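Here is a short tour of one protein chain. Look at the sequence and the structure first, then read on.

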Amino acid sequence: MQSFQENINDCVQVLTSGGTMLFPTDTGWCIGCDATNDLAILKALAFNDCSESAFLTCLVANQAMLERHIAKVPDVAYDIMDLSIKPTTLVLDHPVRFAKSLIDNYSIGIRVASDKFCQYLINRFKRPVLAIPVHPIDKPHPINIKEISNEILKSVDYVVNLQLEKENTSLSSIIKLSNDGTVQVIRE
């Protein structure tokens with residue numbers, strides 16, 4: 001098994017080259033790619049039919065990275081992030097510096113990653129990572145890599161070989177915050 005740092009290095013190399021990876025997040029296993037690269041996003045979307053999705057989730061390492069990718073973060077967003085007891089994805093107005101295909105075709109949900117591996121990876125990569133669920137939302141989220149099809153395992157460019165089971169696999173809360181003050185809870 002590779003070390004934590006070797007996995008980070010390999011993931012950064014894959015992301016930088018426009019590749020896809022299978023990686024553990026704070027809500028379970030996801031397929032990831034560079035959220036600023038249109039070709040990488042097209043490749044990642046081929047794994048899961050997201051055409052019915054109202055939004056796609058991008059992970060950022062911290063609030064500073066969030067602020068670089070949203071034109072104006074509503075003040076209430078900081079309170080929600082600070083007070084949340086589970087992973088919380090925020091759908092915010094006016095995303096910037098993401099791939100054009102994301103901005104043009106989807107609402108972008110952004111979550112500050114709470115998972116140690118994701119935080120280190122995204123800090124090192126210095127860009128948001130698109131995180132697409134391995135299975136459609138109506139199917140159970142895999143907590144174990146053995147629950148992921150061989151087809152996906154063989155099709156991604158890299159599989160993180162570090163953390164085979166995730167303790168926390170609950171879906172994130174999803175809250176849409178508009179700059180006009182509108183708050184809509186999409187999923188608790």
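Rings of Phe, Tyr and Trp (its six-membered ring) form a pair if their centres lie within 6.5 Å. By that rule, ring pairs join Phe4, Phe117 and Tyr120 into a cluster. The model behind this report is predicted.

## The chain as a whole

The protein chain has seven helices and nine strands. Of its 188 residues, 48% count as buried. Its accessible surface comes to about 9300 Å². Carbon and sulfur atoms hold 51% of that surface. Take the contacts in the chain with a separation of 6 or more: residues 24 or more positions apart account for 72% of them.

## The aromatic cluster

How many aromatic pairs does a search of the whole structure find? The search finds two. A pair of aromatic rings is described by the distance of the centres and the angle of the planes.

The rings of phenylalanine 4 and phenylalanine 117 have centres 5.6 Å apart. Their planes stand at 85°, so this pair is edge-to-face. The two residues come from distant parts of the chain. Phenylalanine 4 is in helix α1 (residues 4–16), and phenylalanine 117 is in helix α6 (residues 116–125). They are 113 residues apart.

Phenylalanine 4 also pairs with tyrosine 120. Here the centres are 5.2 Å apart and the planes are at 90°, an edge-to-face pair. Tyrosine 120 lies in helix α6 and phenylalanine 4 in helix α1, so this pair ties together parts that are 116 residues apart in sequence.

Phenylalanine 4 counts as partly exposed, at 24% relative accessibility. Tyrosine 120 is partly exposed too, at 47%.

Lysine 116 lies over the face of phenylalanine 4, at 5.3 Å from the ring centre.

## Further along helix α6

Phenylalanine 125 is also found in helix α6. At 5% relative accessibility, this residue counts as buried. Not counting residues up to four places away in sequence, phenylalanine 125 touches Val12, Leu15, Thr16 and Asp34. Leucine 15 is 110 residues from phenylalanine 125 in sequence, yet their C-alpha atoms are 7.8 Å apart in space.

Arginine 127 sits in the loop between α6 and β6 (129–133). Arginine 127 is partly exposed, with a relative accessible area of 29%. Its side chain makes a polar contact of 2.9 Å with the side chain of aspartate 34. Beyond its neighbours within four places in sequence, arginine 127 is in contact with Thr16, Asp34, Thr36, Met65 and Ile122. Arginine 127 and alanine 35 are 92 residues apart in sequence, and 7.4 Å apart from C-alpha to C-alpha.

## Serine 172 and its contacts

Serine 172 is in the loop between β7 (158–159) and β8 (173–177). Serine 172 is buried, with a relative accessible area of 5%. Which side chains does its own side chain meet in polar contacts? One is that of threonine 89, at 2.9 Å. Another is that of arginine 111, at 3.5 Å. Leaving aside neighbours within four places in sequence, the residues in contact with serine 172 are Thr27, Lys86, Pro87, Thr88, Thr89, Arg111 and Arg187.

| Side chain | Partner side chain | Distance |
|---|---|---|
| Serine 172 | Threonine 89 | 2.9 Å |
| Serine 172 | Arginine 111 | 3.5 Å |
| Arginine 127 | Aspartate 34 | 2.9 Å |

## Cysteines without a bond

A disulfide is a covalent bond between the sulfur atoms of two cysteines. How many does a search of the whole structure find? The count is zero.

The cut-off for a disulfide is 2.5 Å between the sulfur atoms. Cysteine 30 is buried, with a relative accessible area of 3%.

Cysteine 33 is in no disulfide either. The nearest cysteine sulfur, that of cysteine 58, is 8.2 Å away. Cysteine 33 counts as buried, at 0% relative accessibility.

How values were computed. Residues numbered from 1 in each chain as written. Predicted model: local features only at pLDDT ≥ 70, side-chain atom pairs only at ≥ 80, totals over all residues. Heavy atoms only, no water. Phe/Tyr/Trp six-rings, centres within 6.5 Å; stacked < 30°, edge-to-face > 60°. Helix = DSSP H or I, 4+ residues; strand = E, 2+ residues; numbered from the N terminus. Buried < 20%, exposed > 50% of the residue type's maximum accessible area, 1.4 Å probe, protein only. Lys NZ or Arg CZ within 6 Å of the ring centre and 35° of its normal. Polar contact = N/O pair within 3.5 Å; in protein donor to acceptor, adjacent residues only side chain to side chain. Contact = heavy atoms within 4.5 Å. Areas by Shrake-Rupley, 256 points an atom, 1.4 Å probe, with all protein chains shown as cover.
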